Amino acid sequence: MGRTKKTSAKVLVHPSEASPKKRRKGAQPTGNTTLPVIDKIKERAKQQHKHASSTRKNYSSYVDCGQKWLKVHASTTSCEDEETHDSDAYEDPTFRDALEEIPNQHSDKALALFLSYKCFHENNGQSTCDGIHAAFKKYWEEAAGDTYRGKWHFNEVRKCWEGNPACSAEVQDVIKSVRHKANSEGADRTHSVVMLKGFMDRILTWIHKRHPRETYTGLVRMLLEGDKLATDNLTLELRTSITCVVMYQAFSTTAWNLWTRCFELIKLKRKDLTIDPSEVGVAFRKYLCNETPSIKDLHAHFEVFLSNRKGWQRKVDKGLKEADPHSNRYKIYPQPDIPGCDCFFWMLLWLALLERVHYNSELEPDDFVFPAISSNGIVHRGEHISHDAMQAWIDEATTGAGISQGVGDSFTTHTYHCGGAQWRWMFAPVGERWTLARVRWWGSWAENENRDTLIRYLLDELSTYKNDHSDALCPTQNEADGSLLGEHQLVKPACLQDLQLMQQFITADVADLNGQPSSTEPLVQRPLCAGTSFPRESPTFVPQQTVPASGPSRTLNPTTNSAGTMNFGSRPLPEKGLDIPNLPVRCADGSYAPKKDSWKYIVQHWTEADPGRGLHVALRDWPAEWLRGKNKAIFGSKYHQRALIALEFLEQYQGNESVFLAAYPECTEGHTALLAAVK
């Protein structure tokens with residue numbers, strides 16, 4: 001016996017009340033669905049969704065301004081004072097309606113006049129010209145289907161004007177003239193400076209000078225531990241300053257890592273962040289305690305969804321099924337090796353500060369991550385920070401960090417987009433650079449943008465680097481045109497000049513190492529043996545030698561205090577600077593001392609100063625820091641040579657001149673021959 005299916009009456013529902021599945025299957029709508037009504041729905045949808053609301057508002061403003069301008073000037077136009085070849089056109093009554101929705105034969109002339117009035121008479125810039133042109137072009141394109149699209153021309157067959165007046169030759173000539181005017185000689189050159197990683201580090205250094213790291217990490221650490229009195233000692237000025245600094249760092253590091261523009265990031269909300277406290281909490285607390293994160297901590301992360309990323313709408317125009325489900329979602333991991341760009345630390349620090357100092361509660365899903373802050377330090381929860389406020393912070397940070405800018409150059413909120421992309425693709429350490437495919441995905445660029453946007457952001461900067469010959473006088477050439485950023489230098493065989501340069505640095509480094517005794521025992525002072533005579537014009541002195549208790553060693557750099565113990569502390573440079581006299585030395589009468597006495601001057605300069613010849617501190621008393629950095633290249637080799645001869649005489653031959661001269665007859669030939677013999 002078969003079962004009978006129970007029948008039920010079908011109920012018509014409105015599409016807004018139907019389930020998504022039924023809407024896709026075409027549930028029958030109710031109400032008036034005539035073709036004119038659907039046509040109105042179509043036009044309303046085009047107005048609402050074809051362009052962004054801000055774009056529609058700007059375009060409407062330009063169109064309204066142009067229409068009002070033409071009606072006013074057309075009603076007062078008189079061709080009696082000045083005859084032109086278009087006088088008949090201006091007297092035509094239809095000329096005043098040339099900028100209306102349906103263009104006429106005068107529309108191209110009217111638009112060209114309006115552009116000329118705004119850009120040449122009122123002296124507006126190219127942006128105004130581009131905005132007016134784009135507004136009227138879209139205005140006429142949407143007027144009557146395909147009628148007013150394409151080249152502006154007169155259809156001889158239909159006896160009417162077709163195409164878009166904004167595409168006419170006369171309008172294009174005016175636009176070209178405005179562009180030439182803007183780029184003419186004497187115009188200011190503007191360029192957005194790339195925010196390099198080095199600039200980020202310098203800004204962090206400047207911040208730490210204003211507020212040491214412990215100022216804000218200690219505050220947040222106490223708040224996380226439940227110390228309710230942590231904010232009692234905060235003045236309004238200090239709280240405002242810390243808030244602005246931490247918020248700026250959170251914004252700048254996020255923009256630098258995610259390659260965002262200002263308008264994309266200022267609208268970021270708490271619901272766009274996916275943070276698991278159990279996952280990121282341990283790593284964040286190690287940051288606050290200044291501890292080194294473990295390998296496990298380095299894999300902790302949170303996720304950021306950029307819902308306002310430019311071009312996002314174009315990506316989903318093909319349908320959500322074709323869109324990458326992970327597009328615009330980025331996982332942020334700790335980067336303790338680049339603290340000036342560590343978005344993981346600064347974002348979590350800012351959220352903790354915002355919730356526990358300003359809101360005293362957790363952020364709601366629709367709360368802005370970067371809210372507006374008034375001059376009195378009050379945070380406005382329902383309003384995001386403005387573009388101008390963030391630009392002012394960028395200017396203050398770059399100026400405070402002492403980052404120089406060229407004429408016409410400026411740091412804008414677009415600079416993070418360029419800086420982060422170029423770092424990951426070109427300037428990161430070898431082995432950490434990204435492929436072009438990863439750069440395109442991370443920057444949310446479409447595949448058809450690889451020839452314009454990617455070239456502009458990446459390859460143009462690389463081309464500039466390759467063609468830059470400003471360091472042509474540098475002793476070590478990068479040869480950037482030989483490979484990507486000159487990386488072929490890393491595998492290039494060493495030449496003889498490279499080996500000689502390396503030997504000089506190694507020799508100077510060995511001198512530094514010899515200056516650090518292996519024992520901390522005090523040095524013993526003992527007089528030299530008698531019989532050593534020095535040139536007559538030199539000041540009289542009693543040379544001393546330094547012999548460690550454990551045996552002779554060539555002590556070059558450390559100084560000794562009156563108690564006989566070593567002094568490794570920092571020592572200021574002499575007021576008149578450092579110098580080691582050349583040999584042979586110049587005498588008081590202008591002549592040069594005999595070469596056979598040069599070794600004696602070396603011993604004298606090792607044991608005591610000679611201010612008359614520029615040596616204000618005896619060479620044996622020079623601290624190690626005087627022979628580092630730039631001074632190493634200037635004095636390192638000369639200091640080491642003098643030390644070899646002086647210590648050979650003082651330590652190996654106990655200051656006995658006769659025995660020393662018998663062992664080294666090269667003394668009579670000068671210090672160069674003696675040095676070769678000692679070596």
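What is the mean pLDDT of the chain, and what share of its residues reach 70 or more? With that settled, which residues of the largest nonpolar core touch the most other members, and what do the buried residues of α12 pack against?

Reply: This is a predicted model, with a mean pLDDT of 76 over the chain, and 72% of the residues reach 70 or more. Two stretches need caution. Over residues 516-570 the pLDDT is below 50, although the model gives this stretch 114 contacts beyond near neighbours in sequence. Residues 316-323 also stay under 50, and there the model has 2 contacts beyond four places in sequence. Where pLDDT is low, the predicted coordinates should not be read in detail.

The chain has 679 residues, of which 40% count as buried, and it contains 23 helices and 13 strands. Among contacts with a sequence separation of 6 or more, 65% join residues 24 or more positions apart. The accessible surface comes to about 39,300 Å², and carbon and sulfur atoms account for 52% of that area.

Now the core itself. The largest nonpolar core has 79 residues, and Y248, L268, M347, L349, W350 and F370 touch the most other members. Helix α14, residues 343-359, supplies the largest share of this core, with 14 residues. In soluble globular proteins, nonpolar side chains tend to be buried together.

Helix α10, residues 236-258, also holds T240. T240 is buried because its relative accessible area is 15%, under the 20% cut-off. The T240 side chain reaches the backbone oxygen of L236 at 2.8 Å. Beyond four places in sequence, T240 is in contact with N376 and G377.

Helix α12 spans residues 277-288, and its buried residues are V280, A283, F284, K286, Y287 and L288. Those buried residues pack against α9 (213-224), β5 and α14. After α12 comes N290, which has a positive phi, near 60°.

Strand β5, one of the packing partners of α12, pairs with two other strands. With β4 (residues 273-274), β5 (residues 302-305) forms an antiparallel pair over 2 bridges, and L273 stands opposite V304. With β6 (residues 329-332), β5 is again antiparallel, over 4 bridges; here F305 has R329 as its bridge partner.

Helix α20 covers residues 598-607 and is largely enclosed by the rest of the structure, because 10 of its 10 residues are buried.

To return to the request: the residues that touch the most other members of the largest core are Y248, L268, M347, L349, W350 and F370, and the buried side of α12 is packed against α9, β5 and α14.

Notes
Residues are numbered from 1 along each chain as its sequence is written. This is a predicted model: local features need pLDDT of at least 70, side-chain atom pairs count only at pLDDT 80 or more; totals for chains, interfaces and linings use all residues. Side-chain values use heavy atoms; hydrogens and water are left out. Buried means under 20% relative accessible area, exposed over 50%, partly exposed in between (1.4 Å probe, protein chains only). A polar contact is a pair of N or O atoms within 3.5 Å; within protein, one must be able to donate a hydrogen and the other to accept it, and residues adjacent in sequence count only if both atoms are side-chain atoms. Contact means heavy atoms within 4.5 Å. Two strands pair if DSSP finds at least two bridges between them. Accessible areas come from the Shrake-Rupley method with a 1.4 Å probe; for residues, only the protein chains shown count as cover. pLDDT is the predictor's confidence in each residue, from 0 to 100. A nonpolar core is a set of buried Ala, Val, Leu, Ile, Met, Phe, Trp, Tyr and Cys residues joined through side-chain atoms within 4.5 Å.
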